[in-house]
Amino acid sequence: MQAKKRYFILLSAGSCLALLFYFGGLQFRASRSHSRREEHSGRNGLHHPSPDHFWPRFPDALRPFVPWDQLENEDSSVHVSPRQKRDANSSIYKGKKCRMESCFDFTLCKKNGFKVYVYPQQKGEKIAESYQNILAAIEGSRFYTSDPSQACLFVLSLDTLDRDQLSPQYVHNLRSKVQSLHLWNNGRNHLIFNLYSGTWPDYTEDVGFDIGQAMLAKASISTENFRPNFDVSIPLFSKDHPRTGGERGFLKFNTIPPLRKYMLVFKGKRYLTGIGSDTRNALYHVHNGEDVVLLTTCKHGKDWQKHKDSRCDRDNTEYEKYDYREMLHNATFCLVPRGRRLGSFRFLEALQAACVPVMLSNGWELPFSEVINWNQAAVIGDERLLLQIPSTIRSIHQDKILALRQQTQFLWEAYFSSVEKIVLTTLEIIQDRIFKHISRNSLIWNKHPGGLFVLPQYSSYLGDFPYYYANLGLKPPSKFTAVIHAVTPLVSQSQPVLKLLVAAAKSQYCAQIIVLWNCDKPLPAKHRWPATAVPVIVIEGESKVMSSRFLPYDNIITDAVLSLDEDTVLSTTEVDFAFTVWQSFPERIVGYPARSHFWDNSKERWGYTSKWTNDYSMVLTGAAIYHKYYHYLYSHYLPASLKNMVDQLANCEDILMNFLVSAVTKLPPIKVTQKKQYKETMMGQTSRASRWADPDHFAQRQSCMNTFASWFGYMPLIHSQMRLDPVLFKDQVSILRKKYRDIERL
C-alpha cells in the first residue's frame, strides 16, 4: 500500500514538472522570436534602439500627463471603454491630474512678478454681488494689472460662483462664452472662483463647463477631487459677507476656565431624503437638552410636509425654543455637519463666535488647508462616529480649549472676516507656489499677524520681522537709526534740526543718523552739519513727497527707526528712554506726541482731535520709534491711491502709518512720558507753525481719517489709556537714584 502511494506521488510530481517545462518553454520561445523580430527590423532601418534599450522594461511605467481626449492616439493596447471616455469628459474637470508643474506657465510671472488680470465685463452679463466683491477685491489689491501682457494670472469677469442650474444666479451658455475668450488658452494660468456646484439630487462638484487647465478656488470641495498644490479650497460665505474689513471676533476677553453654558450646540435644517441627510437625521441621538443642544427642523422647502417623518413636529417645536445667536455666544463647541454640500455657513459663524468648530463632513478639504493647521483651531470628527463626539470633546483639557478658541479668533480676523481677505489669501497662496524660494512657512501662516501682513519679499528670515523674536529666542535690536525729515532750508546754526541731530547722536543706542532732505533748496555743504560720534548720511529725496519718509531705504542698517520731524525738540535722555520702552514692544509704535480719534454722531463720520485727554489712539511719527519693516509694508502693501492722497495734501502720512501698524498688530501704540512742552515748542517754530495752526490742515486730517477707514473697511485704531514712565518718575527719592533724572527737569 505504501509503495502505491509513493508511485502515485512520483507520478504527480513528474506530471507537474512536465507541464511547467512545456508552458515555460513556449513563453521562452515566444520571447526569443520577439527579440529576433526586433533585431531583424533594426537591420532594415525600421527600429533604432534607444540608449536605455538594455534597461528592463516595466509594465507599469509612469506616463506623462495626457488629457483623456488625446488618448485615441496612444497605444491601442491600452483599452479605454466608450463609457470611461464619456464619464471622464463629463467629470468635474478634465485636468484632474493638473499640477503647477504641468498646467501652469511660470514664464508669465518671471518678468513682472505676480500680477493678476481681470477680464473686462461684457455687456449684458449679470454678475452677482458676491462675485462683484471678489473682482473688486482683486482690482483694489497690489496684484492687479489692467494690462494682460503683464499678467501672471487671469480671472474671468463671467460669474462662476453659483453653478446650480436651479439657482437664479446661474449663468447660461458659460461653456461657449469661456471658450470664446481670446486669452483663455484652455484655462492655463486662469483662476476660477466657485461657491456652489451641482444641483438636486446629487449635488456633484461639476461646474457645468470644461475648465481645462484652470485652477479652482472652490468651496465645499472634496479631497477626492481636490488637486493638491493646484486648487485652493475656500470657505462657503453668504451674500451678506462684508467686502472689506468685517467684524472682529466675538471673544473680548479670556475666561478661565474657558467653559461656557453649553458644551456642544447646533441649529439648522434636517434633510429627510437625499444627499447629506444621514448625519443630520442622527443628531437627535446625541441631543440631551442640557449642555448638548443639537436642534434640527424639517420645516423648509415648499413640500416639506409631504416628506415629514414622525419626529418632525417634535423637532420643530424644540427648534423654536432656542435663539441661535444666544446659543452661538454661549457654547464651547459648535457642531459643523455637512449639508447638501460638504461646506456649511456654520463654519465661519463658529469661527467668529470663538466657538470651537467640531467638523462632521467626511472628505471635505478644509479651507486653505494648504497653509492653515486646522488641528490648532478645530476638532476634526468622523460622521461614522457621531455618538462618540460628546465624550471626545469632554476629554479635551481646558488649556487646549483656550488655545483652540484663541486660534479661531486669529484665523477669523486674519483670513476669513471679509471677502477681500478670502481673495487675498487665495492669491498669496498661489504666489507662494510660484516663488517657492521666498514662500511663507507654516509659522507665518498660523501665528499672528498672519500671512497677509508678512511679505516674504522683504526677507526670508523670520528674525527680520518684529513679530517672531520670542519664537526664535531673539533679543530686540540694541541700536536704532534716526531718520530726520527736513523740509526747510538750513539758514542758521541755531535751527532746531541741528539741535535735534546732536541730541539724537549722543544717545548710547544711536547707530547712525539719516537726514532726508525734502527741501526745494539745494543740499547744505558738509561743513554746515555738526560733528557727531555717529555717521550722518544726507539723502536728497527725488520726488520730494511726504510718503518718501517711509521708503525702505537701504541706508537704514538697523531694525529700529527713530522717526523725527525737523522741528521736534527732544533730549538725549528722552530718546534713550523711548528706545528702551520700544525694545519691550518692538511690533508697536512707541513715542511722544499722541492724538486720538472719535465717532462724530452728528456728522456720522470719524473725527480727529489733538486735545490732551485721558486716552489716545495714535502716536505721531514726528517723534516715534518703530520697526523698519513698516517702511516696507507702507511702500508695498498700501495702495497707490492712499499714498497719492498723502502726497497731494502733503499731510496725513503719520495717520496712515498708525492705521497700518494698528491693523497689523490689533494693538494701540504706546505713549511714553508726557512731554508738555512738545506742543508749545512745535507751535513756536516757523517751519511748520502755519501748517499746524491752519484750519484747512486740521480739516484735511479729518478727511484722511475717513478715507483711510473706508479703504481698510473698518476703524483699525484702538484707544489706550496707558502711558509708560521711568520706574522712579516723580517718586520721592533722591534724584541721584533715578536713571532718567533729566526727564523730570524738562
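Rings of Phe, Tyr and Trp (its six-membered ring) count as an aromatic pair if their centres lie within 6.5 Å; planes under 30 degrees apart are called stacked, over 60 edge-to-face and the rest tilted. The structure holds 35 aromatic pairs. In one of them, Phe-347 and Trp-364, the ring centres are 5.5 Å apart and the planes stand at 75 degrees, so the pair is edge-to-face. Phe-347 lies in helix H10 (residues 346-352) and Trp-364 in the loop between strand S11 (356-360) and strand S12 (379-380), so the pair ties together parts that are 17 residues apart in sequence. Helices (H or I, at least four residues) and strands (E, at least two) are DSSP runs, numbered from the N terminus.

This is a predicted model, in which local features need pLDDT of at least 70 and side-chain atom pairs count only at pLDDT 80 or more, while totals for chains, interfaces and linings use all residues. Residues are numbered from 1 along each chain as its sequence is written, and side-chain values use heavy atoms, with hydrogens and water left out.

Phe-347 is buried at 1% relative accessibility, and Trp-364 is buried at 8%; buried means under 20% relative accessible area, exposed over 50%, and partly exposed in between (1.4 Å probe, protein chains only).

Arg-346 takes part in two kinds of contact. Its charged end sits over the ring of Tyr-324, 5.0 Å from the centre; the criterion is NZ of Lys or CZ of Arg within 6 Å of the ring centre and within 35 degrees of the ring normal. Arg-346 also meets Glu-349 in a salt bridge (3.4 Å, N to O), defined as a side-chain nitrogen of Lys or Arg within 4 Å of a carboxyl oxygen of Asp or Glu. Both residues lie in helix H10, three residues apart, about one turn of the helix.

The structure holds 21 salt bridges. Among them is the bridge between Arg-248 and Glu-413, whose closest N and O atoms are 3.4 Å apart. This pair links distant parts of the chain, 165 residues apart: Arg-248 is in the loop between strand S7 (232-233) and strand S8 (262-269), and Glu-413 is in helix H12 (residues 398-416). Arg-248 is partly exposed at 39% relative accessible area, whereas Glu-413 is buried at 14%.

Arg-440 and Glu-428 form another salt bridge, with the closest N and O atoms 2.7 Å apart. Arg-440 and Glu-428 are both buried.

Of its 746 residues, 51% count as buried.
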